[in-house]
Amino acid sequence: MNALAKIAGYELRDVVRSRWLIGYALFFLAATDGLLRFAGNGAAALVSVVNIVLFVIPLVTVVFATVYLYNAREFIELLLAQPVRRPALYGGLFLGLVGPLSVAFAAGVTIPFVVHGVDEPGQRVTVLALVLAGVALTAVFTALAFVIAMRTDDRLRALGTAIAAWLLMSLLYDGAVLLAAAVFADYPLERAMLAATLANPIDLARVLLLLRLDVGALMGYTGAVFQQFFGSAAGTAVASAALVMWIAGPITLGLRAFRSRDF
Amino acid sequence: MITIRGLTKRFGSLDVLRGLDLEIRRGRVTAVIGPNGAGKTTLIKAVLGLTRPDGGEITIDGTRVNGDESYRARLGYMPQIARFPENLSAAELFSMLTDLRGVSADALDEELLERFALRDQLDKPLRTLSGGTRQKVNAVAAFLFRPPLVILDEPTAGLDPVASAILKDKIVAERGRGVTFILTSHIMSEVEELADDMAFVLDGVVRYAGRVGDLMRHAGESNLERAVASLMARPVAA
């Protein structure tokens, strides 16, 4: 545990000084600030921020983490030649990536809200929920980057896989679900749509956030079902459990790949 | 002392190590030589625990290497390629390794740091250092904790002649203090200069192991390069 914290601490110092990370924070700062200026401080701006966050975080996280792990390959070898356990090194590397990426995003999104203020107190909770969802997605996609980087030897192929994973989960999945909804429109699809949402962390985060914004109706005819399901205590519990599974699953897979890997 | 018995390792369809046996004696410099792809680096990485062998066993001073990390506290390693986190400085790298090992800062061997004149480079980001300078940082890290066993993978490959001579002097001096060395090299004059013993690895097995001088006498050659060439040309019973 001690070694884990030390590794995370030094890696954090490295990642924090990366120009990409600073650019990442500035991007969220500029995008959120711009939306708040032009769309006003209301729910409309928040919906746009949510959509940008859900689109950008998975892409940047999975690509940044994959490239970082490839560049750190020789350094990981050097660290593994020290008296350090592999799980501790894995945990340290993981937190050293998730920490700075999360802080950069959280600062970029919250600072404009603090500066401009919010319309109603309830939106503060929504901003907090947005930050938490963003941190969760950062953890999910960093863990996926570990799985990809540890199982692929070729750097370009790993990068391709990372982008494909993002494309699949953020665009193709929704497309497939919509297509299925259109094809099977005559059948009751509510349960299937719920299951499909739980099976994709980005969709899950989107639904949880949009429901908070009271724009569930924008999500079409299943919106009411979502409202009913996620609005209830049991629904929230199931959704939270699904998100935790989405973090724990890839972390476990990444650890397994890291432990058995030949460097 | 390190004993390696029947070590096997496959990467996909490639048999890299095929039942490799080797004894490495304490307080001596053992050079592992052989053509590219013979399995030298895989052998070294198996001793370090970076690569898990499929079969066979490695024991260091009677303790079997089996994934327990504590034995690496007595081990220094200089990899072939020197790449570090871009935005850390050499000073931060050394303090990270020192922290991880839980060694107090005044117990460190900083002789190479002085002799390479790296003091004024310590606070620069590692990405701004030249490849040779980074390799010097690697060499400093290998000796920093006064390990009784040092493993060097082509140590002088990226170094200029002056730095290379400093490193060789250090190896000779530490050997005099009883440190055991394993090094790989393609430079036969270097092996001749530094090594007491050598292991010639070809196709994943040790084809010859013994004293450097014995090989030259055995092959009837006056220099090591020719002796190794004759070893590669005909099968030799070790």
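Q: Is A117(B) buried or exposed?

A: Start with the count: a residue is buried if 20 or more other C-beta atoms, placed from the backbone, lie within 10 Å of its own, exposed if 12 or fewer, and partly exposed in between. A117(B) is exposed, because it has 11 other C-beta atoms within 10 Å. Bear in mind that this is a predicted model, where local features need pLDDT of at least 70, side-chain atom pairs count only at pLDDT 80 or more, and totals for chains, interfaces and linings use all residues. Residues are numbered from 1 along each chain as its sequence is written, with chains lettered from A and ligands numbered from 1 in written order.

Q: What is the phi of A117(B), and where is A117(B) placed?

A: Most residues other than glycine have a negative phi. For A117(B), phi is positive, near 55°. A117(B) sits in the loop between helix 3 (111-115) and helix 4 (131-143) of chain B; helices (H or I, at least four residues) and strands (E, at least two) are DSSP runs, numbered from the N terminus.

Q: What about the phi of R146(B)?

A: R146(B) has a positive phi too, near 50°. Look for R146(B) in the loop between helix 4 and strand 7 (149-153) of chain B. R146(B) is partly exposed, with 15 other C-beta atoms within 10 Å.

Q: How many residues of chain B are in contact with chain A?

A: Contact means that the C-beta atoms of two residues, placed from the backbone, lie within 7 Å. Here 25 residues of chain B contact 20 residues of chain A. Helix 2 of chain B gives the most to that side of chain B, with 6 residues.
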